[in-house]
Amino acid sequence: MRERVYLNDGWKFSGMYEDRMRFPDFDESGMEEVRLPHTCKELPFHYFDEELYQMVSGYRRKIFAPKNWQGKNVFLIFEGVAHESEVFVNGKKVCEHHCGYTGFSINIGDVLNYGAENFLTVKADSRENLNFPPFGFVIDYMTYDGIYRDVYVEVREQEYLEDIFVKPQAEIGQRIYTPLESEITVHMTEDGGLLRQWMRRKGETEYQLLGEGEVKHKKEILRFSNFQAELWDVEHPVLYEIRTELLRNGKILDAQVVTTGFRKAEFRRDGFYLNGRKLKIRGLNRHQSYPYVGYAMPASIQKMDADILKKELGVNAVRTSHYPQSHYFLNRCDELGLLVFTEIPGWQHIGDERWKEQAVANVRDMILQYRNHTSIILWGVRINESKDDDVFYERTNAAAHELDPTRPTGGVRACKRSSLLEDVYTYNDFIHDGKQPGCEKKSGVTSDMEKPYLISEYNGHMYPTKAYDCENKRTEHALRHANVLNAVAGQSDIAGCFGWCMADYNTHKDFGSGDRICYHGVLDMFRNPKTAAAVYASQQEERPVLEISSSMDIGEHPASNWENLYIFTNADSVRMYKNERFIHEYQREESHWHNLQHGPILMDDFIGNAFETEEHMPKGQADSLKKLLNAAAHYGVAHIPKRLYPAILKLFLGYRMNMAQVTDFYTRYVGDWGGASTRYRFEAIKNNKVVKTVIKEPMKQVRLQVQADHQQLKEEYSYDVAAVRIQAVDEHGNILNFYNEPICFEIEGEGVLIGPSVIALQGGMGGTYVKTKGLPGKILLKIKSAQTEPICVEFMVEIKENTKECSAETESV
Ligand code: GAL
């Protein structure tokens, strides 16, 4: 039976900017002790040179190979090393790998000394002059460095299961029916093996036997039609565990469990269908990077992003732009029912033949390594936004179809009517600039109307927006996202769209705002929400959403005109009160984004029926004055629309009002100057119940609102990290978007901080990361600022034992 031993601890590391280290025998003195996931260089939040992380680095580690491994197959597996790696065991080079985003494994059984220590050396080159994807030209994201994913050894018997692909594509007939088909590759030294398969719903204890099949070839197909599964869906992502055993003469030689779900995912000419139901894909693009450590984050932080996408942003899909991402992230997408479009590494540039050869190898590796993730519905087999190259892309498509006949291919392009060798035309539609329509029509883009069409990016660089930008800008950013979602929802033959992008990210000098950040996210780098996040969040029905685009401070707006204030909600209606006086109940149907279930709602009434009830005006006068003042609030006094001129005349001539009176009403009812503070209260109503309340009034006190993604930290295969999001809020929990003040962190106990101990909030938001040290116990994180009460967050660290690494001492016991 197989045994897995994680090798994430106990590494020594040294990084250099030139190729001066002589591998494998470089000087070990001065090496640093590190754990994986590891980054070669901790980086500032922004304003740094990307050359900082580009280096040749050496990693060293001892592995004790117990005697009982002898004669077996000992695979050494790297899940991700950025970017070119060479691996040496006891001084002998055992492999090299030329992709920072796919895993690789090597059987080191023949080079190990058993019952003894062995020396493992890894050379990792993160310089960007390498001749394979994504390198060769500019790239709009940082590519980082280091052994940034897990490393482990898997010891298998002489005969073992090499690979299992449990096909996720279900067939739906009269009833839900899934003939279970698996493609199993075995490594046998003799004839006469048997394969047996079992299944259970994830979470159940008992397996049910599916059946058996003889091993006649290296690759066998097992097909069982006695299998009935509940379907995996975005709402009910039911997963199963399929256990495959390899036997000879009744003895189990190897066993492996594949966790998978069954669904019928289809791109048709008129859209995407999941289990026979048409589903509009509403997704975001995700980069796998974080402040300070780039790619080097463990399982929990990878999972957190999937949770944020599904539960906070309410999207049903993610594109792993522009490379295969962590299995921890994908596992969580499987569990949550988050659809995934995943693609090979690359950005616009296509290199020479050697480079292309590697890109084809990347397609193969991506599919072989990721095809058991049920959530993946589309393979991206073109270099993102590259030009047509039929000879090259025929190869990538063929590789994908050969290795996974169950899923279609796509390939992201920036050009219209390009050569379509893929199954789905996937296009970055950046037409929307605030004025142009939200999206192009399918017929204006694709080269084949018979094939499905999907929008893989929109917005992003068209309107970079910082969390501390002025309110109007943040609102416009949000509306542009709503505009595209609305336009796509109105096109029945577009399968859906992926916005650019989930979170801000560090980037190269050629992109971004000069500080090495692309402010393209609907979240900031710490995953705090910008206004645009509310557009996505309000499209889901799971939890009530009510966000107001404004702090309701008129002075934040040019010439003190309210202009466009919006309500983002998934409620049926929103009641607005001003100083506890009811003003207006905004109905969902009032949204101008008619194709969205829950479009933004324009707030265009600040007066309600106050002129009748409080000022005792006749109805005609009250109506005219209200129209005039609401229009003045929206457009500004100098820009009252002509259609209101008759009402104005009626006020001045019919009701004998003068300018001073009108101004006085404006000041009291719209400008809210003087007197007591104005308090706005908004209530979201769903099924006649108040489901959420938002109160906006001039702040009196700043408070820090701190949210740790988890506080029970667990060391299992490596260290754990908790992401701590910090927001400066007022008494009612509203983010104070211009509170860009310093925050200090103090940490005690069994944890350390990732990043600096003093940060400045940006847009009233920020964060930090708490990392475990390998010991059980408590961690206390104190968060202070000059103006707020200190906050203390407590974490507990638990050490979970997994297969222990052997040493000479433990072996002899
Ligand atoms: C696209 C590109 C993305 C990102 C985006 C910004 O062209 O594919 O990686 O750069 O633009 O909007």
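1. Start at the ligand: one of its oxygen atoms is 2.9 Å from an N or O atom in the side chain of asparagine 384. Taken alone, the ligand exposes 310 Å², and the protein buries 95% of that. Accessible areas here come from the Shrake-Rupley method with a 1.4 Å probe, and for residues, only the protein chains shown count as cover. Keep in mind that this is a predicted model, in which local features need pLDDT of at least 70, side-chain atom pairs count only at pLDDT 80 or more, and totals for chains, interfaces and linings use all residues. Residues are numbered from 1 along each chain as its sequence is written, and side-chain values use heavy atoms, with hydrogens and water left out.

2. A polar side-chain atom of histidine 322 lies 2.6 Å from an oxygen atom of the ligand. For tryptophan 347, the distance from an N or O atom of the side chain to a ligand oxygen is 2.8 Å. A polar contact is a pair of N or O atoms within 3.5 Å; within protein, one must be able to donate a hydrogen and the other to accept it, and residues adjacent in sequence count only if both atoms are side-chain atoms.

3. How many residues surround the ligand? There are 13, and the closest are Asp140, His322, Glu385, Glu457 and His461.

4. Most residues other than glycine have a negative phi, and most peptide bonds are trans. Glutamate 385 sits in the loop between β28 (376–380) and α4 (390–403); helices (H or I, at least four residues) and strands (E, at least two) are DSSP runs, numbered from the N terminus. Is glutamate 385 buried or exposed? Its relative accessibility is 15%, so it counts as buried. Buried means under 20% relative accessible area, exposed over 50%, and partly exposed in between (1.4 Å probe, protein chains only).

5. Glutamate 563 also has a positive phi, near 55°. This residue is in the loop between β36 (546–548) and β37 (566–569). With a relative accessible area of 28%, glutamate 563 is partly exposed.

6. Now for two cis peptide bonds. Leucine 36 is joined to proline 37 by one, with omega near 0°; proline 37 lies in the loop between β3 (32–34) and β4 (56–65). Another joins alanine 82 and histidine 83, where omega is about 0°. Histidine 83 belongs to the loop between β6 (81–82) and β7 (84–89).

7. Step back to the whole protein chain. It has 11 helices and 51 strands, and buried residues make up 60% of its 813 residues. Its domains are domain 1 (3–156), domain 2 (169–260), domain 3 (273–309 + 327–509), domain 4 (554–696) and domain 5 (703–803), with bounds from an automatic or database domain assignment. The centres of domain 2 and domain 4, taken over C-alpha atoms, are 63 Å apart. Along its principal axes, the C-alpha trace spans about 105 × 60 × 55 Å.

8. Glutamine 358, in helix α3 (residues 353–370), is buried, with a relative accessible area of 14%. A polar atom of the glutamine 358 side chain lies 3.5 Å from the backbone oxygen of histidine 98. Lysine 251, in strand β21 (residues 251–260), is exposed, with a relative accessible area of 55%. Lysine 251 and asparagine 275 are 24 residues apart in sequence and 39 Å apart in space, C-alpha to C-alpha. Glutamate 716 and glycine 774 are 58 residues apart in sequence, with 9.6 Å between their C-alpha atoms.

Definitions and conventions. Near = heavy atom within 4 Å.
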